[in-house]
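Please open the structure in your viewer and keep the sequence beside it.

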Amino acid sequence: MINNIEILFLLLYYSKELLETVYRLRATLTKLRYLDILRGNERKMKMSYHVGVISGDGIGPEIVAEAKKVLDAVGKKFGHEFEYEDILMGGCSIDATGVPLTDEAINQAKNSDAVLMGSIGGNTATSPWYKLSPELRPEAGLLKLRKSLNLFANLRPAYLYEELKEACPLRDDIIGDGFDMMIMRELTGGLYFGARETKEVDGVMTAVDTLTYNENEIRRIAKRGFDIAMKRRKKVTSVDKANVLDSSRLWRSMVEEVAKDYPQVTYEHMLVDNCAMQLVKDPKQFDVILTENMFGDILSDEASMVTGSIGMLSSASLNDTKFGLYEPSGGSAPDIAGKGIANPIATILSAAMMLRYSFDLDKEADAIEKAVKQVLKEGYRTIDIMPQEEGKKAAVKQVGTKEMGDLIVQHLQ
Ligand SMILES: NC(=O)c1ccc[n+]([C@@H]2O[C@H](COP(=O)([O-])OP(=O)(O)OC[C@H]3O[C@@H](n4cnc5c(N)ncnc54)[C@H](O)[C@@H]3O)[C@@H](O)[C@H]2O)c1
């Protein structure tokens, strides 16, 4: 028989055991928490970034060299290191391997933290690359890369620099103090990827294209759009054609669902036809324009036209990780390749986007953007952004590709 005293001892013994177990558990949890904090800090303080570099064709190698120069200077200033790995794509890959993009190149891109690209392709009328079948031409490499990396979100900023106002076709009273918007376009779904066919129906040739979106495709691009808005002025304009299209009505309801997770962001819906008008009537109202593939294709070209030169336009394609492919919006400009006169600013600004969106280095991205502004303010121009009027030419100084890169490096603060 166990007497009362023994019960008391047993209780004391087990409560001591229990207490020790609780202490051990608490210590383990604390250790885990500290480990987590340490890991978080390590992530934040990561100093070395592995950047895949696709220099490509035409002016590509010239403009990419300047972007790398600026990245290295930023790295030196802010304590980061950028390691580069060259990746072959486009015409140069066709010449070296017979195809525009090899599996090895895809793996190199996949193993990078982000990819910086120049441009690919040649003169479509004269280059032997365009005598090949379409799937072997330079541009097929880019489409394959986008698909392999699941790059579903395309970002194109449209920013009007005060100094380049005269390249803007809009009236001064519409331009005001300039505008700064970001078009976020869905890139892998919608009408361009749906089933299509052309056939004879009752003796009449009939073509069908299908516009399909599922809720997951909409949700992930909407989330990206709101994330980008959080890094900007916190406004999203979601563009659709919900008065006609089912896909747009689903788009609208998914955007509303995602918006609930971003209470700091104000959002509105706008019909695409109205948006096309508003872009030329009052572009200042926009911060992030979030839209599907075809609407985005058209609206991003419209938005970039009102900013002036193609040599100033950066872009990014993102997937649902931090990875991104960053490239200027223009092509390989074979007409000016090798002359040392191409504008490197779009590529340099694409590198700034890489810092901001893939590496979360916002301060560093700001420094590049400010340096670009300052260089323009001081009157330096590449040939494509020279004023057209003779009288105004005297007030600015024309510089080449390398000199523009050097000036931006010198103005980094
Ligand atoms: N993502 C890409 O790599 C991409 C995009 C578009 C076109 N392309 C390819 O590029 C090749 C040429 O195409 P295109 O001539 O129609 O368009 P393009 O953008 O290369 O050139 C159009 C005009 O803009 C000028 N231009 C372009 N970028 C410039 C810069 N950075 N600085 C100064 N001027 C610049 C060119 O000199 C040319 O007069 C084609 O093979 C095309 O398929 C590639």
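**The whole protein.** Begin with everything displayed, bearing in mind that this is a predicted model. Coloured by secondary structure, the protein shows 14 helices and 14 strands. Its C-alpha trace spans about 110 × 65 × 55 Å along the principal axes. Of the 413 residues in the protein, 40% are buried. Consider next the contacts between residues at least 6 apart in sequence: 75% of these join residues at least 24 apart.

**Two helices.** Now select residues 60–78, which form helix α2, together with residues 401–410, which form helix α14. How do the axes of these two helices cross? They come within 9 Å of each other and cross at roughly 15 degrees. An angle under 35 degrees counts as roughly parallel, and α2 and α14 are therefore described in that way. The crossing in which α2 passes α14 is right-handed.

**The contact between them.** Finally, display the side chains where the two helices meet. From α2, select Glu62, Ile63, Glu66, Lys69, Val70 and Ala73; their counterparts in α14 are Thr401, Lys402, Met404, Gly405, Ile408 and Val409. By class, this contact of α2 with α14 comprises 6 nonpolar, 2 polar and 4 charged residues.

Terms used. Residues numbered from 1 in each chain as written. Predicted model: local features only at pLDDT ≥ 70, side-chain atom pairs only at ≥ 80, totals over all residues. Helix = DSSP H or I, 4+ residues; strand = E, 2+ residues; numbered from the N terminus. Buried ≥ 20, exposed ≤ 12 C-beta atoms within 10 Å, placed from the backbone. Contact = placed C-beta atoms within 7 Å. Axes fitted to C-alpha atoms, helices over the stretch in contact; angles between N-to-C directions. Parallel < 35°, antiparallel > 145°, perpendicular 65-115°, else oblique. Left-handed = near helix turned anticlockwise from the far one by under 90°. Nonpolar A, V, L, I, M, F, W, Y, C, P; charged D, E, K, R; others polar.
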